[in-house]
Amino acid sequence: MKIRYVWLPLLLAAAAVAQKQPKPLVLAEQGSFFVGGEKKTLPAPPPPSTPRSGGPPALGGGDITINQMYVQYQIPVNGTRHVPVVMVHGCCLSSKTWETTPDGRLGWNEYFVRKDRPVYLADQVSRARSGFDPSTFNAVKTGKLPPSELPNVLDASHQAAWAIFRFGPTYGTAFPDEQFPMDAMDELYKQMIPDLNSVLPMPNPTWTNMAALAVKLKGAVLIGHSESGFFPEQAALIDPTGVKGIVSIEMPCATTLKPTEISTLAKIPILVMFGDHLADVKGDFNNIWPGAFDSCNTFIKQVNDAGGDAEMMSLPKMGIKGNSHMLMQDKNNLQLADLILAWTDKHVEKKPRS
């Protein structure tokens with residue numbers, strides 16, 4: 001079956017209007033809550049070899065809550081007209097990804113709300129306000145586990161981020177048509193935080209919590225990016241009940257799913273989006289994105305061969321050049337948001353909501 005590439009109008013005029021000073025943002029509701037979580041009982045630590053003097057007392061054993069997912073949300077006045085949208089960030093980042101861009105422009109969170117979409121931003125389990133399970137670290141510190149048992153903590157350097165996010169062929173040199181706001185690079189680096197996904201069990205609790213959130217919302221479009229790009233599909237394989245649509249942005253796709261799993265995903269509209277310069281970065285990361293792109297084309301074909309509705313939105317093939325891996329923060333981010341909104345209207349909202 002021939003791979004289908006989406007063509008949509010560039011919407012340049014609409015994007016230019018959207019970047020002007022917006023009107024006051026009017027909400028029906030905003031707030032936050034947690035999804036999931038489980039109790040874990042910790043043993044009491046051994047007494048210190050030397051008495052503590054001053055400062056707070058050492059915390060003893062007891063119950064803690066782990067694997068919970070923090071969610072903040074905004075619901076516009078006309079939000080009931082549309083399916084809610086859940087946005088989940090990638091590696092070494094938090095839900096700040098979707099908020100105001102590094103150079104101070106409108107982020108996808110606010111823009112989608114202004115387009116009457118209820119938006120839910122989630123911090124992955126083990127990240128930011130969701131917290132992480134510290135018990136292994138503490139067990140190593142007290143000698144109950146050897147140092148070799150310490151979980152790996154990812155913290156991307158500026159150089160690694162530059163290459164992986166495809167800002168230019170080599171560190172410090174941007175692509176001539178680069179869409180990321182290069183003068184705000186330091187603001188992006190401030191957003192990058194330690195990633196403790198290595199402490200998580202499998203299946204990843206974020207997948208389970210995303211599926212539960214979609215059920216709680218009585219239907220949602222799940223958007224994942226990079227590390228979380230295939231999380232919406234994984235969530236749907238755990239419980240597809242609330243997953244009304246999937247948007248997967250720049251990640252490797254699973255190509256060895258069972259026929260029953262493909263059949264489940266074939267019942268959900270799926271959009272995959274990739275930016276530009278996939279094979280143009282020199283160094284250790286030059287093979288990451290072409291391979292990821294190819295795997296997603298294979299996955300899309302598998303879903304469509306099973307009767308599904310999966311589409312690849314390759315931006316350069318649509319004539320949209322220069323987009324980085326952080327396309328929700330690129331200078332044309334609202335143009336890309338409009339493409340996703342148009343796809344959602346056509347492929348998700350046309351179907352009756354349960």
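Visitor: Is His277 buried or exposed?
Guide: His277 counts as buried, at 11% relative accessibility. Buried means under 20% relative accessible area, exposed over 50%, and partly exposed in between (1.4 Å probe, protein chains only).

Visitor: What is the phi of His277?
Guide: Phi is near 60° for His277, a positive value in a residue other than glycine. Most residues other than glycine have a negative phi.

Visitor: And where is His277 found?
Guide: His277 is in the loop between β7 (270–274) and α9 (288–305). Helices (H or I, at least four residues) and strands (E, at least two) are DSSP runs, numbered from the N terminus.

Visitor: What kind of model is this?
Guide: This is a predicted model, numbered from 1 along each chain as its sequence is written. Local features need pLDDT of at least 70, side-chain atom pairs count only at pLDDT 80 or more, totals for chains, interfaces and linings use all residues, and side-chain values use heavy atoms, with hydrogens and water left out.

Visitor: What is the mean pLDDT?
Guide: The protein chain has a mean pLDDT of 91, and 88% of its residues reach 70 or more. pLDDT is the predictor's confidence in each residue, from 0 to 100.

Visitor: Where does pLDDT stay under 50?
Guide: Over residues 1–18. Where pLDDT is low, the predicted coordinates should not be read in detail.

Visitor: New topic. Which cysteines form a disulfide?
Guide: Cys253 and Cys296, with sulfur atoms 2.1 Å apart. A disulfide is a pair of cysteine sulfur atoms within 2.5 Å. By this rule the count is 1.

Visitor: What does the pair tie together?
Guide: Cys253 lies in the loop between β6 (243–249) and α8 (259–265) and Cys296 in helix α9, so the link joins parts 43 residues apart in sequence. Both cysteines, Cys253 and Cys296, are buried. The link is right-handed, with 85° about the S-S bond.

Visitor: How many residues has the largest nonpolar core?
Guide: That core has 46 residues, and Phe274 and Phe299 have the most contacts inside it. α9 gives the most, with 7 residues. A nonpolar core is a set of buried Ala, Val, Leu, Ile, Met, Phe, Trp, Tyr and Cys residues joined through side-chain atoms within 4.5 Å.

Visitor: Which peptide bond is cis?
Guide: The bond from Met202 to Pro203 is cis, with omega near 0°. Pro203 sits in the loop between α5 (185–191) and α6 (205–216).

Conventions
Contact means heavy atoms within 4.5 Å.
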